[in-house]
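Visitor: Could you walk me through this one? I have the sequence and the coordinates open.
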Amino acid sequence: MRVAEKKKTYVEDIERTLYDIRDADNASYKSETGLTEEIIRDISARKHDPAWMLDFRLKSLATYNSLSLPTWGPDVSELNMDEIVTYVRPNAKMTGNWQEVPTDIKNTFDRLGIPEAEQKQSLAGVGAQYDSEVVYHSIQEDLVKEGVVYTDMETALTEHEDIVKTYFMTLVPPHDHKFAALHGAVWSGGSFVYVPEGVAVKIPLQSYFRLNAAGAGQFEHTLIIVEKGASLHFIEGCSAPKYNVTNLHAGCVELFVKEGARLRYSTIENWSRNMMNLNTKRALVEKDGIIEWVSGSFGSHVSCLYPRSVLRGEGARCEFTGVTFASKGQNLDTGASVIHAAPHTSSTINTRTISKAGGKATYRSAVKVTKHAPFSKCSVNCESLMLDSASRSDTLPVMDIEASEVDVGHEAKIGRISDEAIFYLTSRGIDEDEARAMIVRGFVEPIAKELPLEYAVEMNNLVNMELEGTMG
Amino acid sequence: MRETKTFSRIPMRTWRWLGVNDLPAPADLDDAIKKEQILVQKGQRDEIVRAFRTGGNYEVQVHLEAGAALHLVLAQLAPQAESCTCRVRVRCAADAKFAATLAEVGARHAAAELFVDLAEEGAGADVWGLYFGDGEQKLDLNYVIRQGGTHTDANMQVRGALKGHAEKIFRGTLDFLEGSSGSVGRENEEVVLLSDGVRNRSVPIMLSHEADVDGHHAVSVGKMDEDRLFYLMSRGLDLAEAQRLVVEASLAPVLSRIPDAALREEIDQFLQERITNG
């Protein structure tokens, strides 16, 4: 006999009470299910789009119809667009006064702690989107005086049309993939941030996206422009209650980091387990600019999320830090991609994935160093922890190097919680469940420490919720 | 236009724009395959050396019975004007140990697939590969070790150097199946890039459906270590000579495993000329 039987970790599904409270569906308007030209024209008219945006939507729809589903990654064939409601207007108008937000919607965000963070002055601005529309937006007065714009995309399209027209879906063109085309056709809501040259926004801005309606899609567009020498920390949070029908999130994030600018983009994603999260995020970084991604993926039934950084200017930098926790019924395909397109660019990718109770976690990445990027450096580190053998954990990184004067390193590990570590901790008087939880928390700690305090606490709570009573 | 055939496929597909999912069969080769079957019986040990000095399609099937051991040495030295494919399929029974030393240095377009099935308890694979590409050479490699049995051990070590406008894709996969508890796997690729015109794609894949495993993979791609070059040049070597020594040193752990001194010398000579003159 080679070894004694090893203990297996037993895992139950988690309690998501806080996130799963549903409001009654009081939407003032819902589009028909499915995707047709009539629906797109209807959405566009209701949103008072300028003519070019209607044209953009219709072209995107044609692109959507011409593209097929990806031949790689998680199976998304169970998504039936004929059953998805693409536009749900909540029974509320956009306001800058929290008291004017309808009670049911306000209660939802109160439960999630959104206004609390704003009141504590730990956020410089807050946006809240409920289904397809932004219901609340605010920003500190002193930032407005410095020329910082933080508003919903619809307002931006009216008040800053030239800027929107210049940048909108140029980093993620609709023909990029089927769900980018879908987004181009039906996008609604999202945040617009413009930070003028040299302005440092010292306290984070935060947008929170909540999808309440069953069988609906959320397609918010986030457009952030950080001008030369400016800096910003932007946080997005996402959640939805659980339904027995498929919901779809196909958002799009476009970040423009100009010369010497710095942008940190943090996300804690906790969509419910019936969500298809097919989100596209990209950043274009100019000379000496820095993009920092901090990404926590906990929710969703299926996720495909690989933020891409294009380092276009000499000396541009990218740091990506991500954690993914896949549990029962989840197939979370996450990672990052970086394109080094200028000399002396550098990137660091650091990820942790955990899978348990039949969950499937995939780390997928691409690092491309073009021939225009000599003297570039890239370091990738991904570690995967499997809590049981009902789960899957895969890593699929690709490095594509076309310049010789480069330094590219990749390292990955996969494994379980070591018996020695458990033995050590239990010998110090810690019970075994707590010892395992400590090890998992330690495993994600490099990610947690990159998050703002409230989010680090939220992430730890999510990890604890996942582990509670499940180890044995 | 002649339809492109697929010679081999990556075990798990990814983005199309990276061009790594499929290995196309070289367009100038027909379908004829030179096949060889190797059986090592229970408890036996063997060492087999093959050198492919002409282009074409080669296939080697290996079956190791329980407790058997084989060291398979394959050197692909086809002329630069020709194309070559090589497919090696290995099945290891309980406690069988498969060792391989693979050299891919010839042919204008070379495609190679290695699939090792560690199907039973205690089976092991120790795979060492080297490649060198220069000029307009295309190297397309796909190595997979599938770990199905308990307590299997996989080691995949690959060293390479690229020069001129050579293009290379190396996919190395460790696949831990459900039930492969107690298994370990290590994979490492080190690539030295000698010219600006090269294109190197590395795809180290690790798939796991078993928690009780220990898997590591690492890739290092880049220019030559400048400190080493500086040291060698300070001892009076010119740049080309110093480069040759550094590349040789990085390929040496693989080359030194070739038991046949004449073949080892032949590959070494082949490499030396192309690194220096290429």
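Visitor: What follows helix 10 of chain A?
Guide: In this predicted model, helix 10 of chain A is followed by G429(A), whose phi is positive, near 90°.

Visitor: And how many residues of helix 10 of chain A are buried?
Guide: The count is 0 among the 9 residues of helix 10, which spans residues 419-427 of chain A, and the helix is thus described as hardly covered.

Visitor: Changing topic, how do helix 3 and helix 9 of chain A cross?
Guide: The axes of helix 3 (residues 51-66) and helix 9 (residues 178-186) of chain A come within 7 Å and cross at roughly 150°. Angles over 145 degrees count as roughly antiparallel, and the two helices of chain A are therefore roughly antiparallel to each other. Helix 3 of chain A passes helix 9 of chain A in a left-handed crossing.

Visitor: Which residues meet there, between helix 3 and helix 9 of chain A?
Guide: From helix 3 of chain A come F56(A), R57(A), S60(A), L61(A), T63(A) and Y64(A), and they meet K178(A), A181(A), L182(A), G184(A) and A185(A) in helix 9 of chain A. By class, this contact has 6 nonpolar, 3 polar and 2 charged residues.

Visitor: Now the two chains: how many residues does each give to the contact?
Guide: Chain B gives 39 residues and chain A gives 37 residues. On the side of chain B that touches chain A, strand 15 (199-208) and strand 16 (213-222) each supply at least two residues, and the residues of that side divide into 17 nonpolar, 13 polar and 9 charged.

Visitor: Which way do strand 24 of chain A and strand 15 of chain B run, parallel or antiparallel?
Guide: They run antiparallel, with 6 bridges joining strand 24 (residues 392-401) of chain A to strand 15 of chain B; I401(A), for instance, has N200(B) in strand 15 of chain B as its bridge partner.

Methods:
Residues are numbered from 1 along each chain as its sequence is written. Chains are lettered from A and ligands numbered from 1 in the order in which they are written. This is a predicted model: local features need pLDDT of at least 70, side-chain atom pairs count only at pLDDT 80 or more; totals for chains, interfaces and linings use all residues. Axes are lines fitted to C-alpha atoms, for helices over the stretch in contact, and angles run from 0 to 180 degrees between N-to-C directions. Helices (H or I, at least four residues) and strands (E, at least two) are DSSP runs, numbered from the N terminus. Angles under 35 degrees count as roughly parallel, over 145 as roughly antiparallel, 65 to 115 as roughly perpendicular and the rest as oblique. A crossing is left-handed if the near helix is turned anticlockwise from the far one by less than a right angle, and right-handed if clockwise. Two residues are in contact if their C-beta atoms, placed from the backbone, lie within 7 Å. Ala, Val, Leu, Ile, Met, Phe, Trp, Tyr, Cys and Pro count as nonpolar, Asp, Glu, Lys and Arg as charged, and the others, Gly among them, as polar. A residue is buried if 20 or more other C-beta atoms lie within 10 Å of its own, exposed if 12 or fewer, and partly exposed in between; C-beta atoms are placed from the backbone. Two strands pair if DSSP finds at least two bridges between them.
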